Amino acid sequence: MLLNFDKLGPWRWALVGICVVMALFLLLPIVFIIALSFGNSRWLIFPPPGWTLNWYRELFADPRWIGAALNSAKIAVIVMIVSVVLGLLASFALVRGRFRGREVLRAFFLTPMVLPVVIIAVALYAAFLRIGLNGTLIGFVIAHVIVALPFAIITISGALETFDPSIEDAAILCGASPWEARFRVTLPAISQGLFSAAIFSFLISWDEVVLAIFMASPTLQTLPVKVWTTLRQDLTPVIAAASTLLVLLTVVLMIVAALIRKGKSR
């Protein structure tokens, strides 16, 4: 049942106030970090005594930070592709399939969303030490796919459930093979869900820090791990600059996803 905002009377302003307070509570720390990244003090002092771009120059001049950012981007792209492919196959099985234990399988796929990430990290760390995957690119990808795949499955399954399969059947009746109908009819129709799954999977891998800390090695670190290790050693504003770039990429991708959804809804 939808709530009529105009009929709430004086209570609507209370709801507006609560929403504003919650938004400030969530956004102010991010605003502080962005401001600190432009401060000219060697320490994380707010408000900054002055403004400078030196911390961004130091960030881009340090090959360790650049290498960590490139590692994050490479891992996130691979995780995005793998999660979308596996999520698409799993979604077809969960939405179109009629087999015993389907709901159990769905719950199994969504388990990483319920379990604390640190439990998954400890379990993967112990397993990867035995098979030699800890500190490797493959180990990073597998770990991140485990936590990103549920979001891809939910997004793609939602798109499939709203798609009318009779359209696909009509394409088959017109002479297309089942696989051709899926590629030329179904996939374009659910492209918005596929794109959303790709965005979520990329961002989950790009921002993930707990699993990355357990998977990291001296030669392979992601940007969140580099931020974490530097934070433990030195409170330099370069950390704020790197954090600002992490937030900026996340915001840009979310805006792009919103614009694409708005364009498709017209």
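How far apart are the end C-alpha atoms of residues 137–160, and how much of the span is helix? I looked this up before anything else. The ends lie 32 Å apart, and the span is 100% helix and 0% strand. I note here that the model is a predicted one.

**Entry: the whole chain**

I counted the elements next. The protein chain has twelve helices and zero strands. Read along the sequence, the pattern is α-α-α-α-α-α-α-α-α-α-α-α. I then took the extent of the C-alpha trace. Along its principal axes it spans about 70 × 65 × 30 Å. The chain has 266 residues, and 37% of them count as buried. Among contacts between residues at least 6 apart in sequence, 70% join residues at least 24 apart.

**Entry: what the record says**

I opened the UniProt entry, which is unreviewed. I checked another of them, residues 75–95. This span is also 100% helix and 0% strand, and its end C-alpha atoms lie 29 Å apart.

The unreviewed entry in UniProt also gives "domain: ABC transmembrane type-1" at residues 69–257. Over that stretch I find 83% helix and 0% strand. The end C-alpha atoms of residues 69–257 are 22 Å apart.

**Entry: the largest pocket**

I looked for empty space. Rolling a probe the size of a water molecule over the atoms shows where such space is left. The largest pocket holds about 240 Å³ of space.

Which helices each supply at least two residues of the lining? They are α4 (102–114), α5 (117–131) and α6 (137–162). I wrote down the lining residues: Phe108, Phe109, Thr111, Pro112, Leu115, Ile120, Ala123, Leu124, Val145, Ile146, Leu149 and Pro150. By class, eleven are nonpolar, one is polar and none is charged.

**Entry: Ser83**

I picked Ser83, in helix α3 (residues 63–96). Is Ser83 buried or exposed? Ser83 has a relative accessible area of 0%, so it is buried. I left aside neighbours within four places in sequence and listed the rest of its contacts. Ser83 is in contact with Val145, Ala148, Leu149, Ala152 and Ser201. Two of these names were already in my notes: Val145 and Leu149 are among the residues that line the largest pocket.

**Entry: Ala143**

I moved to Ala143, in helix α6. Ala143 counts as buried because its relative accessibility is 0%. Which residues does Ala143 touch, not counting those up to four places away in sequence? They are Leu124, Leu211 and Met215. Leu124 is also one of the pocket-lining residues. I then took one distance from Ala143. Phe214 is 71 residues away in sequence, yet the two C-alpha atoms are 9.8 Å apart in space.

**Entry: Ala198**

I turned to Ala198, found in helix α9 (residues 191–207). Ala198 is buried, with a relative accessible area of 14%. Not counting residues up to four places away in sequence, Ala198 touches Met80 and Val84. Ala198 and Gly50 are 148 residues apart in sequence and 40 Å apart in space, C-alpha to C-alpha.

**Entry: salt bridges**

Side chains of opposite charge can pair when their charged atoms come close. How many salt bridges does a search of the whole structure find? It finds two.

One joins Arg64 and Asp62, with the closest N and O atoms 3.0 Å apart. I checked how open each partner is. Arg64 has 57% relative accessibility, so it counts as exposed. Asp62 has 14%, so it counts as buried.

Glu103 forms the other with Arg106, and here the closest N and O atoms are 3.5 Å apart. How are Glu103 and Arg106 placed in helix α4? They are three residues apart, so about one helical turn separates them. Glu103 is partly exposed, with a relative accessible area of 48%. Helix α4 was already in my notes as one of the helices that line the largest pocket.

How values were computed
Residues numbered from 1 in each chain as written. Predicted model: local features only at pLDDT ≥ 70, side-chain atom pairs only at ≥ 80, totals over all residues. Heavy atoms only, no water. UniProt positions renumbered as here; feature names shortened; annotations may be inferred. Helix = DSSP H or I, 4+ residues; strand = E, 2+ residues; numbered from the N terminus. 1 Å grid on protein atoms, 1.4 Å probe; cavity = no way out; pocket = protein on both sides within 12 Å on 5 of 7 lines; lining within 4 Å. Points joined across faces, edges and corners; volume = space filled by probe spheres on them. Nonpolar A, V, L, I, M, F, W, Y, C, P; charged D, E, K, R; others polar. Salt bridge = Lys/Arg side-chain N within 4 Å of Asp/Glu carboxyl O. Buried < 20%, exposed > 50% of the residue type's maximum accessible area, 1.4 Å probe, protein only. Contact = heavy atoms within 4.5 Å.
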